[in-house]
Amino acid sequence: MTTATDDRIWIFDTTLRDGEQALRASLSKKQKIQLAEAISRLGVDVMELGFPASSPGDFDAVQAIANSIDGPVMCGLARAVASDIHACGEALKSAERKRIHTFIASSPLHLQYKLRKTLAEATAQAVASIQLARNYTDDVEFSCEDAGRTPIDDLCYMVEHAISAGATTINIPDTVGYTVPTEFAHIISQLKNKVPNIDQARISVHCHNDLGLAVANSLAAIAAGARQIEGTVNGIGERAGNCALEEIAMILATRADSFNYRTQINAKEIYRTSQLVSHICNMPIQPNKAIVGSNAFAHSSGIHQDGVLKAQNTYEIITPESIGMRANQFNLTSRSGKHVIKHRLTELGYRDQDYDLQQLYASYIKLADKKGQVFDYDLEALVFEQSLQEQDDPYSLSQLTTQTDSSGQASATVQLTCHGQARSYTATGNGPVDASYNALQSIIEQPLEIVSYQLSAKGSGADALGQVDITASYAGQQIHGIGLATDIVKASAKAYVHVLNTAARAAQVRALKQHLQEQAS
């Protein structure tokens with residue numbers, strides 16, 4: 001299918017599958033669709049949407065994305081088990097281009113202790129699964145789990161049989177991030193030299209970052225003949241994470257003199273996609289993170305600052321603009337009309353369908369009255385906040401007032417609209433946030449435990465929007481809530497209400513699934 005001279009590198013995104021597995025709280029279907037839309041605009045070739053057989057919710061989300069988004073090949077993960085393959089095939093049925101990604105372990109360690117199978121037995125199971133998957137699609141990917149710790153002859157044996165069974169992509173995962181670049185490149189070279197039918201499939205690699213070598217191993221694999229890189233936005237994923245796709249894309253674009261390979265990634269979408277993944281997944285980006293960290297283009301040294309002012313490339317090998325990071329504008333006020341707001345959002349890369357202008361403008365006017373000047377990051381925060389809301393949300397925050405005395409004791413009165421009915425309650429607490437949460441807890445009369453609470457600023461200055469991220473345990477489920485407001489207490493209450501709405505929608509889905517199962521039986 002491919003040769004070592006091909007200069008096209010396929011980018012396989014698994015943010016919604018491997019990345020989502022590492023989160024403290026599961027994403028809602030709407031959040032997954034939001035991320036899928038952004039990742040699609042980023043220009044990835046393949047998007048792994050999830051593990052359809054793992055739960056009804058995952059099946060539903062994979063199916064919804066496959067139904068609504070065009071662009072990348074839509075992929076679902078399946079163990080080498082017939083029921084998993086069928087679930088993948090059904091979830092992806094409506095996708096214009098689809099791939100089933102099936103896997104089984106190949107290393108002696110996994111075969112002995114996890115599968116309790118011989119290599120021949122595991123290979124036979126892989127062959128049967130690949131052949132079954134071919135009934136749904138001609139695009140089948142097969143992974144040898146823990147390939148990095150598999151003897152090369154065993155790996156060649158399994159890969160050869162997988163290709164003969166119909167696999168068109170062979171993925172070599174460094175599942176536990178154990179290998180080093182020279183070792184990993186040697187594995188790819190050996191496969192190309194020893195597997196007689198290797199040219200009938202594209203070689204892919206999926207590297208984990210346990211030793212901080214995921215990107216380095218992926219680059220070494222490319223040089224050795226791999227033509228698909230699997231990874232995630234911001235490198236999120238199990239344990240220490242996966243290969244960071246934005247790093248691979250910018251390395252290949254910036255160092256074409258060394259690698260001479262190309263991807264289809266639209267680099268100007270990198271920054272916004274990175275920020276969206278960070279916000280929705282509640283995974284902050286470390287400031288010194290390559291490409292997308294807040295310090296990536298910061299210069300504190302006087303010598304560096306002087307050099308950049310004289311010639312930008314003295315200390316910057318890529319520019320902020322090249323990844324879609326724009327300078328903050330602050331010429332918007334309460335006198336700016338809707339057409340100005342729409343024009344500015346278009347300049348920032350937003351499409352008309354990304355927001356409701358009427359609702360956004362109403363929120364913008366309230367914010368502009370409070371702040372005076374509105375920055376680009378404020379506008380983007382308003383778009384993001386609107387994306388968190390759904391038309392059928394059963395809960396909404398109607399009113400919030402708090403009082404705090406000199407000792408720190410506070411009281412809060414909250415009015416919450418619950419399924420169309422207004423309810424209010426006054427409670428006390430150790431500070432206004434605690435009091436507000438106690439009042440909300442009394443209104444809903446169901447146990448909700450706050451597992452984590454994070455506060456960050458959207459932008460800079462004393463009047464910046466505050467973003468509150470909470471993880472809550474509700475009915476045995478971990479749920480992430482987000483709230484945005486200039487007032488920290490209000491942002492906290494909004495995050496709490498976001499959790500309630502997410503929990504309510506999840507309960508509706510569970511009830512519907514149970515009803516359908518009862519009807520079927």
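Biologist: Why is Y377 called buried?
Modeller: Its relative accessible area is 13%. Buried means under 20%, exposed over 50%, and partly exposed in between, with a 1.4 Å probe and protein chains only. So Y377 counts as buried. This is a predicted model: local features need pLDDT of at least 70, side-chain atom pairs 80 or more, while totals for chains, interfaces and linings use all residues. Numbering runs from 1 along each chain as its sequence is written, and side-chain values use heavy atoms, without hydrogens and water.

Biologist: What makes F375 and Y377 a stacked pair?
Modeller: Rings of Phe, Tyr and Trp (its six-membered ring) pair if their centres lie within 6.5 Å; planes under 30 degrees apart are stacked, over 60 edge-to-face, the rest tilted. By this rule there are 3 aromatic pairs. F375 and Y377 lie 5.1 Å apart, centre to centre, with 5 degrees between the planes. That makes the pair stacked.

Biologist: How do you know that R202 lies over the face of W10?
Modeller: The test wants NZ of Lys or CZ of Arg within 6 Å of the ring centre and within 35 degrees of the ring normal. R202 is at 4.0 Å from the ring centre of W10. R272 lies over the face of Y350 likewise, at 4.5 Å.

Biologist: Why is L455 called partly exposed?
Modeller: Its relative accessibility is 46%, so L455 counts as partly exposed.

Biologist: What makes strand β14 largely enclosed?
Modeller: In β14 (residues 477-485), 7 of the 9 residues are buried, so the rest of the structure largely encloses this strand. Strands are DSSP E runs of at least two residues, numbered from the N terminus.

Methods: Helix = DSSP H or I, 4+ residues; strand = E, 2+ residues; numbered from the N terminus.
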